[in-house]
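Let's take a walk through a protein model together. Keep the sequence and the 3D view side by side as you read.

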Amino acid sequence: MKLKGKISAIALAAVIAVIGASVFSAYAQGGQGAATAATSDEAAPVKHDVNKDGEFSVKDASALQKYIADYDVEVDEAQLDANYDNQVNIKDSTRMQKLLAGLVVEPDPDEIGKESEDIGKWF
Ligand SMILES: [Ca+2]
Ligand SMILES: [Ca+2]
């Protein structure tokens, strides 16, 4: 009777261990998936995400203004030129605010840098 109880306890412990391992495995796979997603986000930065927080918001226009004013602020320099004129100045911050307000739209990538009658609609 005592031995039978011990065997039951061992069997129960084994079942718990198997279930626990399955749950842990599923959790670990979920974690791995999340890590992969984070890696792909790093590969494609968000356009105009000046402050590198993963989204384009008014904070990016503010970070750009601080950068222009020579504050000690960390920025993604690749995201500063919002009006594609190869200069970084207050016009870029203004354009970011217009983009956020829906007053202007992003130009077609093929049109960036070209002179065009329609270029005014983007700026
Ligand atoms: Ca941002
Ligand atoms: Ca610019």
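The paragraphs below go from the overall layout to the helices, the core and a few single residues.

This is a predicted model, in which local features need pLDDT of at least 70 and side-chain atom pairs count only at pLDDT 80 or more, while totals for chains, interfaces and linings use all residues. Residues are numbered from 1 along each chain as its sequence is written, and chains are lettered from A and ligands numbered from 1 in the order in which they are written.

Let's begin with the layout. The protein chain contains three helices and zero strands; here helices (H or I, at least four residues) and strands (E, at least two) are DSSP runs, numbered from the N terminus. Reading along the sequence gives the pattern α-α-α. How much of the protein chain is buried? Buried residues account for 14% of its 123 residues. A residue is called buried if 20 or more other C-beta atoms lie within 10 Å of its own, exposed if 12 or fewer, and partly exposed in between, with C-beta atoms placed from the backbone. Among the contacts in the protein chain with a separation of 6 or more, 39% join residues 24 or more positions apart.

Now find a pair of helices. Two packed helices are described by the angle between their axes and the distance between the axes. Helix 2 (residues 58-68) packs with helix 3 (residues 90-101) at an angle of about 175 degrees, and their axes are 9 Å apart. The axes are lines fitted to C-alpha atoms, for helices over the stretch in contact, and angles run from 0 to 180 degrees between N-to-C directions. Helix 2 and helix 3 are therefore roughly antiparallel to each other. The cut-offs are these: angles under 35 degrees count as roughly parallel, over 145 as roughly antiparallel, 65 to 115 as roughly perpendicular and the rest as oblique. On the helix 2 side, the contact is made by V58, D60, A61, L64, Q65 and I68, and helix 3 brings I90, D92, S93, M96, Q97 and L100. Sorted by class, this contact of helix 2 with helix 3 has seven nonpolar, three polar and two charged residues. For this sorting, Ala, Val, Leu, Ile, Met, Phe, Trp, Tyr, Cys and Pro count as nonpolar, Asp, Glu, Lys and Arg as charged, and the others, Gly among them, as polar.

Stay with helix 2 for a moment. Which of its residues are buried? They are D60, A61, A63, L64 and Y67. These residues cover an arc of only 160 degrees around the axis, which puts them on the same side of helix 2; the arc is that of the directions from the helix axis to the C-beta atoms. An α-helix has 3.6 residues a turn, so residues three or four places apart point the same way. The cover over the buried residues of helix 2 includes helix 3. After helix 2 comes D70, whose phi is positive, near 70 degrees.

Next, the core. The largest nonpolar core has nine residues, namely V50, A61, A63, L64, Y67, L80, A82, M96 and L99. A nonpolar core is a set of buried Ala, Val, Leu, Ile, Met, Phe, Trp, Tyr and Cys residues joined through C-beta atoms within 7 Å. Helix 2 and helix 3 each supply at least two residues of this core, and the largest share, four residues, comes from helix 2.

Finally, visit some single residues. V50 sits in the loop between helix 1 and helix 2 and counts as buried because it has 29 C-beta neighbours inside 10 Å. Not counting residues up to four places away in sequence, V50 touches D60, A63, L64, V75, D76, Q79 and L80. V50 and V75 are 25 residues apart along the chain, yet their C-alpha atoms are separated by 5.2 Å. D60, in helix 2, is buried too, with 28 other C-beta atoms within 10 Å. K52 lies in the loop between helix 1 (2-43) and helix 2, and its phi is positive, near 60 degrees. K52 is partly exposed, with 13 other C-beta atoms within 10 Å.

Conventions: Two residues are in contact if their C-beta atoms, placed from the backbone, lie within 7 Å.
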